[in-house]
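Here is a short walk through one protein model and its ligand. Keep the sequence and the 3D view side by side as you read.

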Amino acid sequence: MRTTTNRRYETLFHRHERNPILTAADWPYPVNSVFNAGATLLPDGTTLLLCRVEDRRGHSHLCAARSRNGVDGWKIDPEPTLLPDPERHPEELWGIEDPRITYVPELEKYAVVYTAYSRSGPAVALALTQDFRHFERCGVIMPPEDKDAALLPRRIRDRWALIHRPVGPMGAHIWVSYSPDLTHWGEQKLVLETRRGGWWDSERIGLSPPPLETPEGWLIIYHGVRRTVSGAIYRLGLALLDLEKPEKCLLRSDDWVFGPEEPYERFGDVNNVVFPCGYVLEPDGDTLRLYYGAADTCIALATGSVRALLGWLKRHGREPVIPPAL
Ligand code: BMA
């Protein structure tokens, strides 16, 4: 079949030829779908994906998959790695979803921030781990409706910072909150708003993988949703946030940089979705391996260069016109 994609736009993310790299068919136990995986590079160079796995009730849990090269040869935990625990954590009644992993040097632990699907809607929950086998649950850190959250790896002005996406009557925008101890959260500030009307990110926006610290700012890849008569389309845009004041957006792209094009992104349980929750930065400090859920059905990989993303954002991005104000 001929492609309908116009190739004159600059390609910033290159799909891996073996996509999709992980599907339900690879799983060692019965599952409906695997998608929206958090990612990290372990000290021995292993790529770890913490995958969202949905069962045939429609509830999700998390399962770790490890690979030497981050592409194939995945060793998948034979049983769920982190199951919802609704008896002790009622907020996990309908499952746990979309983990974002941040290694926190000060704690010598990984922070896993995930969506707890509670009776009142999605909430942001936190768990800490050193080995992805034992987890310390810290419970809900942002009440419903809130999701698409990740912790920054270091304190900013002595406070931990969490990027997240609360939903209010005026829309679904990206915010930052601060905490002295990872338990008490406050000092909320608006970071990035949806655009209106025909924009690709007019319906909802949310952080995708955790922010990446660069000398020029926190590089964020965010998803934007546009509603159409045949459903929503999930695409990705770029923004750069001030290093010491992440509520200040320095640059935001007008165009999306990645969207559903291939059949495994266009068709699945939810059509037209690309949804990364994690990346791995190669030891060269530049090559980004972006892992994304495709059509809420499988996991795919695309690679990009941090230098190229920043260069493109400087050429095509601008400071948001209307300063976010409460
Ligand atoms: C979002 C999240 C994602 C999902 C996407 C598309 O709201 O819940 O988990 O991939 O919708 O269904």
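Start with a term. A residue is buried when its relative accessible area is under 20%, exposed when that area is over 50%, and partly exposed in between, with a 1.4 Å probe and protein chains only. This is a predicted model, so local features need pLDDT of at least 70, side-chain atom pairs count only at pLDDT 80 or more, and totals for chains, interfaces and linings use all residues. Residues are numbered from 1 along each chain as its sequence is written, and side-chain values use heavy atoms, with hydrogens and water left out.

Take Asp-98 as the way in. It is buried because its relative accessibility is 5%. Asp-98 sits in strand S6. Strands here are DSSP E runs of at least two residues, numbered from the N terminus, while helices are H or I runs of at least four. The side chain of Asp-98 also makes a polar contact with the side chain of Arg-52, at 3.0 Å. A polar contact is a pair of N or O atoms within 3.5 Å; within protein, one must be able to donate a hydrogen and the other to accept it, and residues adjacent in sequence count only if both atoms are side-chain atoms.

Now turn to the ligand. Which residues are around the ligand? They are Asn-36, Arg-52, Asp-98, Lys-147, Tyr-234, Val-270, Val-273, Phe-275 and Asp-296. The test is one heavy atom of the residue within 4 Å. By class, this shell holds 4 nonpolar, 1 polar and 4 charged residues. Ala, Val, Leu, Ile, Met, Phe, Trp, Tyr, Cys and Pro count as nonpolar; Asp, Glu, Lys and Arg count as charged; the others, Gly among them, count as polar.

An N or O atom in the side chain of Arg-52 is 2.8 Å from a ligand oxygen. For Lys-147, the distance from a side-chain N or O atom to a ligand oxygen is 2.9 Å. Asp-296 places a polar side-chain atom 2.6 Å from an oxygen of the ligand. Taken alone, the ligand exposes 310 Å², and the protein buries 85% of that. The areas come from the Shrake-Rupley method with a 1.4 Å probe; for residues, only the protein chains shown count as cover.

Go back to S6 and follow its sheet. Four strands form an open antiparallel sheet in the order S6-S7-S8-S9. Its edges are S6 (96–104) and S9 (135–142), each pairing on one side only. The twist averages 25° from one strand to the next. That angle is taken between N-to-C directions, from 0 to 180 degrees, with axes fitted as lines to C-alpha atoms (for helices, over the stretch in contact). Two strands pair if DSSP finds at least two bridges between them.

Walk across this sheet. S6 pairs with S7 (residues 109–118) over 7 bridges. Arg-100 has Val-113 in S7 as its bridge partner. Next, 9 bridges join S7 to S8. Ser-118 is partnered by Gly-121 in S8, and a hairpin of 2 residues links S7 and S8. Is S8 enclosed or open? Of the 9 residues of S8 (residues 121–129), 9 are buried, so the strand is largely enclosed by the rest of the structure. S8 then joins S9 through 6 bridges. Thr-129 stands opposite Phe-135 in S9. The S8–S9 hairpin has 5 residues between its strands, and Phe-132 in the turn has a positive phi of about 60°.

S3 (residues 47–54) and S4 (residues 60–67) pair over 8 bridges. The partner of Arg-52 in S4 is Leu-62.

S10 (residues 146–151) and S11 (residues 160–168) pair antiparallel over 4 bridges. Leu-151 stands opposite Leu-162 in S11. S11 also pairs with S13 (residues 174–179) over 5 bridges, with His-164 partnered by Trp-175.
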